[in-house]
Amino acid sequence: QVQLVESGGGLVQAGDSLRLSCAASGRTFSSPAMGWFRQAPGKEREFVTGVSSSGDNTYYADSVKGRFTISRDSAKNTVYLQMNSLKPEDTALYYCAAKVALLLGRWVPRDQNEYDYWGQGTQVTVSS
């Protein structure tokens, strides 16, 4: 089992920045691929960004490209999501997710069904 705990959400104004953290614990036999998803009220959960198991490949949704940055600190088993130039449409519950398997390499899963473990989410609210 892998446990994921997100933190860092909050209420900010448009244009502000936030950094979300996702701490992983439990049994991991390899470095997982990690992803961030979000779900706004009345909408489906959507992929935001992800980083490969190898750590050298990332992928971003068009809506956040150039504003959000994902990074990982393998020594701390933590993944970060730096969010800059936040917009009201970024308001959502943000989840981190882990894909745990051997030989994931540079693959960045974008389908939520590919992920094995999920955190409880952290709320981000951006006021206009």
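Reply: Ser21 is located in strand β3; helices (H or I, at least four residues) and strands (E, at least two) are DSSP runs, numbered from the N terminus. The model is predicted: local features need pLDDT of at least 70 and side-chain atom pairs count only at pLDDT 80 or more, whereas totals for chains, interfaces and linings use all residues. Residues are numbered from 1 along each chain as its sequence is written, and side-chain values use heavy atoms, with hydrogens and water left out.

With a relative accessible area of 17%, Ser21 is buried (buried means under 20% relative accessible area, exposed over 50%, partly exposed in between, using a 1.4 Å probe and protein chains only). Apart from residues up to four places away in sequence, Ser21 touches Val5, Glu6, Ser7, Trp36, Thr78, Val79 and Tyr80, where contact means heavy atoms within 4.5 Å.

The strand that holds Ser21 belongs to an open sheet of four strands, ordered β1-β3-β8-β7 and paired antiparallel. Its edge strands, β1 and β7, each pair on one side only. From one strand to the next the twist averages 15°, with axes taken as lines fitted to C-alpha atoms (for helices over the stretch in contact) and angles running from 0 to 180 degrees between N-to-C directions. Two strands pair if DSSP finds at least two bridges between them; β3 and β8 run antiparallel and are joined by six. Leu20 has Leu81 as its bridge partner in β8.

Cys22 and Cys96 form it, with their sulfur atoms 1.9 Å apart. The link of Cys22 and Cys96 is right-handed, with 50° about the S-S bond. Since Cys22 lies in β3 (residues 18-26) and Cys96 in β9, the pair ties together parts that are 74 residues apart in sequence. Cys22 and Cys96 are both buried.

β9 runs antiparallel to β4 (residues 33-39), to which seven bridges join it; Met34 has Ala98 as its bridge partner in β9. Three bridges pair β9 with β11 (residues 122-127) in the antiparallel sense, with Ala92 opposite Val124 in β11. Two bridges join β9 to β10 (residues 117-118), also running antiparallel, and there the bridge partner of Ala97 is Trp118.

A nonpolar core is a set of buried Ala, Val, Leu, Ile, Met, Phe, Trp, Tyr and Cys residues joined through side-chain atoms within 4.5 Å. The largest such core has 27 residues, and those with the most contacts inside it are Trp36, Phe68, Met83 and Tyr94. Two or more residues come from each of β1 (2-7), β3, β4, β5 (46-51), β7 (68-73), β8 (78-83), β9 and β11. The greatest contribution is that of β9, with four residues. A second, separate core of five residues includes Phe37, Phe47, Val108 and Tyr115.

Aromatic rings complete the picture. Rings of Phe, Tyr and Trp (its six-membered ring) pair if their centres lie within 6.5 Å; planes under 30 degrees apart count as stacked, over 60 as edge-to-face and the rest as tilted. The structure holds six aromatic pairs. The rings of Phe37 and Phe47 have centres 5.5 Å apart and planes at 80°, so this pair is edge-to-face. Phe37 in β4 and Phe47 in β5 are ten residues apart, and their pair links distant parts of the chain. Phe37 is buried at 1% relative accessibility, and Phe47 is buried at 12%. Phe47 also forms a tilted pair with Tyr59, at 6.1 Å centre to centre and 45° between the planes. Because Phe47 lies in β5 and Tyr59 in β6 (residues 58-60), that pair ties together parts twelve residues apart in sequence. Tyr59 is partly exposed, at 35% relative accessibility. One aromatic cluster is formed by Phe37, Phe47, Tyr59, Tyr95, Tyr115 and Trp118.

Terms used:
A disulfide is a pair of cysteine sulfur atoms within 2.5 Å.
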